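Please open the model in the viewer and keep the selection panel at hand.

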Amino acid sequence: MTPNQLSPLELNTLTQEPFLRLRKHRNIILTPMRWEDAPHITTLLNDPRVYEWLMSTPYPYTLKDGEEWIQNNKPKIDAFLQELKDAQGSDELRIIGGPPICSIREIQEDGTDIYLGSLDIDRCLEKALLDVDVERAEQQMEINKNLEAGDPNIIWTFGDYLAPSHHGQGIMTDAMDTLLHEWAIPRMNVRKIIACAFLGNRGSVRVFEKNGFVMTRTIQEHAVVRGHMRGSHVLEWNIEEGRDSTMAIPHPLERNPTTGEIYLPLRKHKNVVLTPSRKEDASLLMEYFNDIRVYHWSASTPHPFLQGKLHAEDVLEKRKQYFEDALRELEQVSPGSETPKFMSSVPVGSIREVQDGGSDVLIGSINLRRSNFGEHLNTDTIDWDNKQKNEMENESKAIGDPTIYWMIGCFLAPSHHGQGIMTDVVDTLLQDWAVPHMGVRRIIVDHAKQFFAITKAASDDLLKQLEDARDQPELITVENCPVRAIREVNEDGTDTFIGDIGFMRCPLGELMGSDGVFDWTNKKIREEENNKRAIGDPKIIWSIGDFLAPSHHGRGIMTDAVRTIIHEWGIPRMAIRHMWVSTCTGNDGSVKVFKKNGFNMIYTFEEHTQVKGKMRGLNVLEWKYEA
């Protein structure tokens, strides 16, 4: 497969500008320079919290200075980009002489971005950094200047600054880490970097140290800067000495210094890590897989889950083989090689919580593999006829092919539910491993397609059930309503999809029988009890899920839809007698819809669950049938 010469850069879909997204701060990107950056550069470089730590920046810094800086440096950036574009179609990734991205920007909620600073890596031509001997330094500078791009003997240096409003957030540490490992090592063949920070600039020193730099010396009198003699700390990074080779594993994997076991730290839950499987995991696997709050949600887990070859030992053996295959792949990867190698699997997947003493406890598992949901591949419905064909085609695709469909399997110990751990696990696995190291681009957890396929299949089954009962003397009671898509009929007789409404058994087990106090421990048990009740049982607690196109809000459509589906179908055909519905706090429109249909507010919680990264409150409304 011909590589994309811009890899791992992404393209802005509107402007086609390439960018590199930071590894941890996903709303921060590195882009090329822009002509319109000059006023923003001028503002930052007149701030003493910035210019005091820069060597060659004049003060005051004028708009003309900013424009000249861009005029002198943008052509170099543009040339790197053009070189990459010209190399498209080549069989190997081109090694180039610098990064085509250096401007740090923060993406705003409306999709625009603001300039935050700069991070560049260039050849080191500062004689005081290259050698303490003046003559040797002069020679080294000339050699360094004339080496061909990609030569491993080139000595590089970093130059950087960041808006004071964003200091102390780890952004520059992340930016340097991202630029170094995503671009400088694989696309420039960088092997040695020398950098410096003025005496007293502890923040910059920490940024370098967190990225594997080691302080080698201090120059008490380095240079006269804006009329004052300044001293500097000199720091060095060598790939032979950094974590990339001593660990012999790709970033961001780390190695336990005591056991030698590799692990992947989670992005947010710092005391939780992903590791390979271990033989001693069997007893905890049995405990978790025999818990209804785990096995009920797993399609393939047998119950009861037993010790022995058929269950616990078999699962561990398969996982152990999977991880060993992945580790063998790792051994063939040369960290920082100029041609990044995609891998076919994940070498870590056991979720462990690190204890205060350094030991850890297995609390769950996650794996990523090629999808075996062939009935959902290459179709908008469910295609059982081509299931096997689709799976074989998906399995035969080359490693790194972006059209591969993947799937995720996971579970978490019930004791750790509701803490955001699994969300963090999935985010870490995807962003830090699957996307950069496996080329993963498509995962079958495609909610729109899955939602359509599942609801359509359920509706088809219900319609068949009703058709089969056509000749029965009495109307049968059914599990749900076979119609749920809300459509607007147009003047020409066609219709337009504008929303959805459907019944479900209530998913608020944390509140059932708890008098308004969250009981997460028994949530799944109570939901299971509700789900097991026979069709037509008046004790079932139901709920409604719905949405409507914003273009049709405020017309009473959803109020009418709720009234219709309850009274025309829910009561007579499903024997619904009791319902709870929930809305996020602030969704006054939905609250009004339900109140107009006889629902009463019974609970309001200021904090209930994380939604899209934000803690959201919850309103709960209740409806009871009155004959």
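Select Cys196 and Cys124 in this predicted model. The closest cysteine sulfur to that of Cys196 belongs to Cys124, and the separation of 8.2 Å is too far for a bond. A disulfide would require the two sulfur atoms to lie within 2.5 Å, and the count by this rule is zero. Cys196 is partly exposed, at 27% relative accessibility. Selecting Cys584 shows another partly exposed cysteine, with a relative accessibility of 27%.

Next, select His166, located in the loop that runs between strand S6 (155-162) and helix H6 (171-188). Is this residue buried or exposed? His166 has a relative accessible area of 10% and is therefore buried, the limit being under 20%. Display its side-chain polar contacts: one reaches the side chain of Glu106 at 3.1 Å, and another the side chain of Ser165 at 2.8 Å. Beyond its neighbours within four places in sequence, His166 is in contact with Glu106, Leu116 and Ile171.

Turn now to the aromatic rings, which form 10 pairs. For one of them, select Tyr288 and Phe411: the ring centres are 6.0 Å apart and the planes meet at 55°, so the pair is tilted. Because Tyr288 belongs to helix H9 (residues 282-289) and Phe411 to strand S15 (residues 405-412), this pair ties together parts 123 residues apart in sequence. Both Tyr288 and Phe411 are buried.

Continue to the aromatic cluster formed by Phe594, Phe599, Trp623 and Tyr625. Finally, select Arg442, which lies over the face of Tyr405 at 4.0 Å from the ring centre.

Note on methods: Residues numbered from 1 in each chain as written. Predicted model: local features only at pLDDT ≥ 70, side-chain atom pairs only at ≥ 80, totals over all residues. Heavy atoms only, no water. Helix = DSSP H or I, 4+ residues; strand = E, 2+ residues; numbered from the N terminus. Buried < 20%, exposed > 50% of the residue type's maximum accessible area, 1.4 Å probe, protein only. Polar contact = N/O pair within 3.5 Å; in protein donor to acceptor, adjacent residues only side chain to side chain. Contact = heavy atoms within 4.5 Å. Phe/Tyr/Trp six-rings, centres within 6.5 Å; stacked < 30°, edge-to-face > 60°. Lys NZ or Arg CZ within 6 Å of the ring centre and 35° of its normal.
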